[in-house]
Amino acid sequence: MNNITIGIVGVGNVGSTLAFNLATSGLCKTILLKDIREDFIKAMSIDISQAAKASNNKTKIKACLCKDEFKNCNIVVITAGIARKPNMSREDLLLTNAKIIQNVFDEILEQNKEAIFIIVSNPLDAMVHVALEKSKLPRNRIFGMAGALDTSRFKYYIDQKLTNKYDNIEALVIGSHSNKMVPLINHVKIDGKKLTDILKEKDIEEILENTKNGGAKIVELLKTGSAYFAPAHCCFLMCKAIITNSKEVFATSTRLIKEYNYNNLTLGVPCILGKDGIEKIIELKLSKEETIDLKNSAKIVEESINLLQGLNNETNIWSTQCKMWWLCKYFD
């Protein structure tokens, strides 16, 4: 077992499921849990530890009740934020969750200066921007898990339309983590064949619509929360890629600096992940239609960032005097 320590801030459904996946996989030596619910994370640390012991896994899970205990992490996953409810957009979460992300970094950055940070809180792309601005860390060490999740949903809805057996689906979703995300139909391959050569246009349109609203559908059905197994597992796979230095490609929310003709904008694009976090941003050749769709997708993030900057000037939203409690129960 390696000496990797992974910290999880916000131990709701996503955070606890991620901790379970990490502990039972033996991917890291130590898992640190941080949440305002102290008895809850004590319970989670015991329960998950016992699950790990069922297979004689030696991963240690610790509930951090004091600020000084959450330290020396190699990777920190932040899922802290208020929950998304039915008929609530990710953007509705913007203002409150921006404050929460600010306060998280006030608490943990000093003792985790060498960590790679994966943001899971919504609205995802804007929260990555907030984290980058607050921490002043380079973009390879702070990025968001969303495109990997959206891609998994894309693959699921493609699978639902396929009638023949297949071995592999290659697919990718870029853009903002919103209903303006951009599933790249022209880049999909089923065992090397183009999806457009396999399915009818009507089926493809349904796939696109379902993918863009995949998270909202789960929120609607659950009524009291949102998805957590798929988000947690996608985050686990990103952690694994970093720890094993596998150089795998994930759609990842990162700050673009001239890539795709955007500057200082956080947006989901394909990235190679390795031991240093984001090791390379891959620039795909997009069609004219895809370029337009990406521009429309980027507008949502631009509007969120502009709103946050406006409130910063008017109401000092970033003041550390405005302390917020942390809660991570759901992420879709």
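Q: At what angle do helix H1 and H8 pack?
A: Helix H1 (residues 13-25) and H8 pack at about 45 degrees, and their axes are 8 Å apart. Axes are lines fitted to C-alpha atoms, for helices over the stretch in contact, and angles run from 0 to 180 degrees between N-to-C directions. Helices (H or I, at least four residues) and strands (E, at least two) are DSSP runs, numbered from the N terminus.

Q: What sort of model is this?
A: It is a predicted model, where local features need pLDDT of at least 70, side-chain atom pairs count only at pLDDT 80 or more, and totals for chains, interfaces and linings use all residues. Residues are numbered from 1 along each chain as its sequence is written, and side-chain values use heavy atoms, with hydrogens and water left out.

Q: Back to H1 and H8. Is their crossing right-handed or left-handed?
A: H1 and H8 cross in the right-handed sense. Right-handed means that the near helix is turned clockwise from the far one by less than a right angle, left-handed anticlockwise. The two helices are therefore oblique to each other. Angles under 35 degrees count as roughly parallel, over 145 as roughly antiparallel, 65 to 115 as roughly perpendicular and the rest as oblique.

Q: Which residues of H1 and H8 make the contact?
A: H1 brings Val14, Thr17, Leu18, Asn21, Leu22 and Ser25. H8 brings Phe229, Pro231, Ala232, His233, Cys235, Phe236 and Cys239. Contact means heavy atoms within 4.5 Å. By class, the contact of H1 with H8 has nine nonpolar, four polar and no charged residues. Here Ala, Val, Leu, Ile, Met, Phe, Trp, Tyr, Cys and Pro count as nonpolar, Asp, Glu, Lys and Arg as charged, and the others, Gly among them, as polar.

Q: How do the axes of H5 and H8 cross?
A: The axes of H5 and H8 (residues 229-244) come within 9 Å and cross at roughly 120 degrees. That makes H5 oblique to H8. Their crossing is right-handed. Ala148, Leu149 and Ser152 of H5 meet Ala230, Pro231, Cys234 and Met238 of H8. That contact has six nonpolar, one polar and no charged residues.

Q: Now the nine-stranded sheet. What is the strand order?
A: The order is E3-E2-E1-E4-E5-E6-E12-E13-E14, in an open sheet with mixed pairing. Strands pair if DSSP finds at least two bridges between them. E3 (60-63) and E14 (277-281) stand at the edges with a single partner each, so one side of each has no neighbour in the sheet. From one strand to the next, the twist averages 35 degrees.

Q: How do E1 and E4 run?
A: E1 (residues 5-9) and E4 (residues 75-78) run parallel, joined by four bridges. Gly7 stands opposite Val76 in E4.

Q: Which helix lies across E1 and E4?
A: Helix H3 (residues 94-108) does, and it also lies across E2 (30-34), E5 (116-119) and E6 (142-145). H3 runs at about 150 degrees to E4. H5 (residues 147-161) packs on the sheet too, touching E6 and E12 (248-257). The directions of H5 and E12 make about 135 degrees.

Q: What about E12: how many of its residues are buried?
A: Seven of the 10 are buried, so E12 is largely enclosed by the rest of the structure. Buried means under 20% relative accessible area, exposed over 50%, partly exposed in between (1.4 Å probe, protein chains only).

Q: In what sense does E12 pair with E6, and with E13?
A: E6 and E12 pair in the antiparallel sense over two bridges. Met145 has Thr252 as its bridge partner in E12. E12 and E13 (residues 263-274) are also antiparallel, over 10 bridges. Glu248 stands opposite Leu273 in E13. Their hairpin has five residues between the strands, and Lys258 takes a positive phi near 80 degrees.

Q: Thr254 next. Buried or exposed?
A: Thr254, in strand E12, is buried, with a relative accessible area of 0%. Beyond its neighbours within four places in sequence, Thr254 is in contact with residues including Arg139, Leu265, Cys271 and Ile281.

Q: And where does Arg141 lie?
A: Arg141 is in the loop between H4 (124-135) and E6. Arg141 is buried, with a relative accessible area of 15%. Its C-alpha atom is separated by 4.6 Å from that of Ile116, 25 residues apart along the chain. Not counting residues up to four places away in sequence, Arg141 touches Lys113, Glu114, Ala115, Ile116, Phe117 and Asp276.
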